[in-house]
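Student: Hi, could we go through this structure together, starting with the words I'll need?

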Amino acid sequence: MRYFWDAAVMLNPAALELNEGRRFSICKPEHLMRLFNDAGLNEIKTKPIDVPTDFRNFDDYWMPFLGGQGPAPSYVMSLSEGNRAELCELIRRLLPISPDGSIHLIARAWAIRGQR
């Protein structure tokens, strides 16, 4: 999602307010640790959980954004056809596309634990 929102913000700075990474700060380890600490937990540890997210080609990556469900697809569908095409092409330029056309990304979640 980072590639998507980075491109969206490059073209429209107001899109920053829709960026899930910004809106949901609980997705950052330091915020999770603060919540656990505030709840009185000790020995707090976080660990990233990385999941390979592979796409056959750019269309495989882009098509879900045209479904209109969720913040990013809703944003895409709110754009004019010209602005949507501009966003699509910018993302295509930013993504690390392999010579065979495939795209290999990592989706990250955070695990956290603490003791009472």
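Tutor: Let us begin with exposure: a residue is buried under 20% relative accessible area, exposed over 50%, and partly exposed in between, using a 1.4 Å probe and protein chains only. This is a predicted model, in which local features need pLDDT of at least 70 and side-chain atom pairs count only at pLDDT 80 or more, while totals for chains, interfaces and linings use all residues. Residues are numbered from 1 along each chain as its sequence is written, and side-chain values use heavy atoms, with hydrogens and water left out.

Student: Okay, so is R56 buried or exposed?

Tutor: R56 counts as exposed, because its relative accessibility is 63%.

Student: And which residue forms a salt bridge with R56?

Tutor: That partner is D60, and the closest N and O atoms of the pair are 3.9 Å apart. A salt bridge here is a side-chain nitrogen of Lys or Arg within 4 Å of a carboxyl oxygen of Asp or Glu. D60 is partly exposed, with a relative accessible area of 23%.

Student: How many salt bridges does the structure hold?

Tutor: The structure holds three salt bridges. One of them joins the side chains of R108 and D50, at 2.6 Å from N to O. R108 belongs to strand β2 (residues 103-115) and D50 to strand β1 (residues 42-55), so this pair ties together parts that are 58 residues apart in sequence. Helices (H or I, at least four residues) and strands (E, at least two) are DSSP runs, numbered from the N terminus.

Student: What about R92 and E89?

Tutor: Their side chains meet in a salt bridge at 3.3 Å, N to O. R92 and E89 are three residues apart in helix α6 (residues 81-94), so about one helical turn separates them.

Student: Changing topic, how much space lies in the largest pocket?

Tutor: The largest pocket holds about 920 Å³ of space. Of the 26 residues that line the largest pocket, M1, R2, I106, A107 and R108 are the closest to its centre. On a 1 Å grid over the protein atoms alone, a pocket is an open set of points where a 1.4 Å probe fits, with protein on both sides within 12 Å along at least five of seven lines, and lining residues have an atom within 4 Å of a point.

Student: Which element gives the most to that lining?

Tutor: β2 gives the most to the lining of the largest pocket, with seven residues.

How values were computed
Grid points are joined across faces, edges and corners, and a volume is the space filled by probe spheres set on the points.
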